[in-house]
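Have the viewer open as you read.

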Amino acid sequence: MITARRHFTASQRLLHWLLAACILAMLFIGVGMVSTVAPKYLTLVAIHKPLGIAILVLVLIRVVLRLRYGAPALPADLPEPMKLAAHLSHLAFYLLMIAMPLIGWGMLSAAAYPVVLFPGVTLPPILPQNAGLHALLWTAHVYLAFAFFALILLHVAAALYHALVRRDGVFEAMAPVPARDEATRPGPQAV
């Protein structure tokens, strides 16, 4: 559903920024996990698992909100290849935000490792125990994390391009606090 709104709803913006913080934390925790054998490894794993499931739940809520409220239209003067890139990158984000936690959960299930959300709450396995499947999913999880990080960098670059170069309102549509309406903004200064 595409609407004539110029901003995402407050709940959509909140979930965007909350997910951004959680995903960045996950990426850095993941890097810390694979680069250490110190005792902090277990602490990082204990944070990584429930945070991944939290991201999965939050992104499913975000998908429902996106389907319910849609998104503001992109600027009419935005070139078609850029519009296509925006749509494809958002689709890739949603796919990765859903796939990464599921692959992680499946990977742990295949290795017979429990997914403990917090003491007393453990998720059931979603795949049978299988060492080969575990190795395949671990590899997929790692490479998709790199792809996710690259997509985040492109997303940040695009946001900065819209905010600083085009100044077309795309960044403001998802800004934590939307800018004042154009009607209330002062007009250009007379020279």
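Buried residues (under 20% relative accessible area, with over 50% counting as exposed and partly exposed in between, 1.4 Å probe, protein chains only) make up 35% of the 191 residues in the chain. This is a predicted model, in which local features need pLDDT of at least 70, side-chain atom pairs count only at pLDDT 80 or more, and totals for chains, interfaces and linings use all residues. Residues are numbered from 1 along each chain as its sequence is written, and side-chain values use heavy atoms, leaving out hydrogens and water.

**Overall layout**

- The chain holds 5 helices and 4 strands, taken as DSSP runs numbered from the N terminus (helices are H or I with at least four residues, strands are E with at least two).
- Starting at the N terminus, the order of elements is β-α-α-β-α-β-β-α-α.
- The C-alpha trace spans about 70 × 30 × 30 Å along its principal axes.

**Contacts and surface**

- Taking contacts (heavy atoms within 4.5 Å) between residues at least 6 apart in sequence, 70% join residues at least 24 apart.

**Charges**

- The chain has 13 positive and 6 negative charges, and their mean positions are 12 Å apart.
- Lys and Arg count as positive and Asp and Glu as negative, while His and the chain ends are not counted; each charge is placed at NZ of Lys, CZ of Arg, CG of Asp or CD of Glu.

**Salt bridges**

- Side chains of opposite charge can pair when their charged atoms come close.
- With a salt bridge defined as a side-chain nitrogen of Lys or Arg within 4 Å of a carboxyl oxygen of Asp or Glu, the count is 3.
- Aspartate 77 and arginine 166 form one of them, at 2.9 Å from N to O.
- Aspartate 77 sits in the loop between strand S2 (71–72) and helix H3 (80–110) and arginine 166 in helix H4 (residues 131–166), so this pair ties together parts 89 residues apart in sequence.
- Aspartate 77 is exposed at 58% relative accessibility, whereas arginine 166 is partly exposed at 23%.
- Arginine 166 also meets aspartate 168 in a salt bridge (2.7 Å, N to O), and Asp77, Arg166 and Asp168 are linked in a network.
- Lysine 83 and glutamate 80 pair at 3.5 Å, N to O; they are 3 residues apart in helix H3, about one helical turn.
- Lysine 83 is buried at 16% relative accessibility, while glutamate 80 is exposed at 55%.
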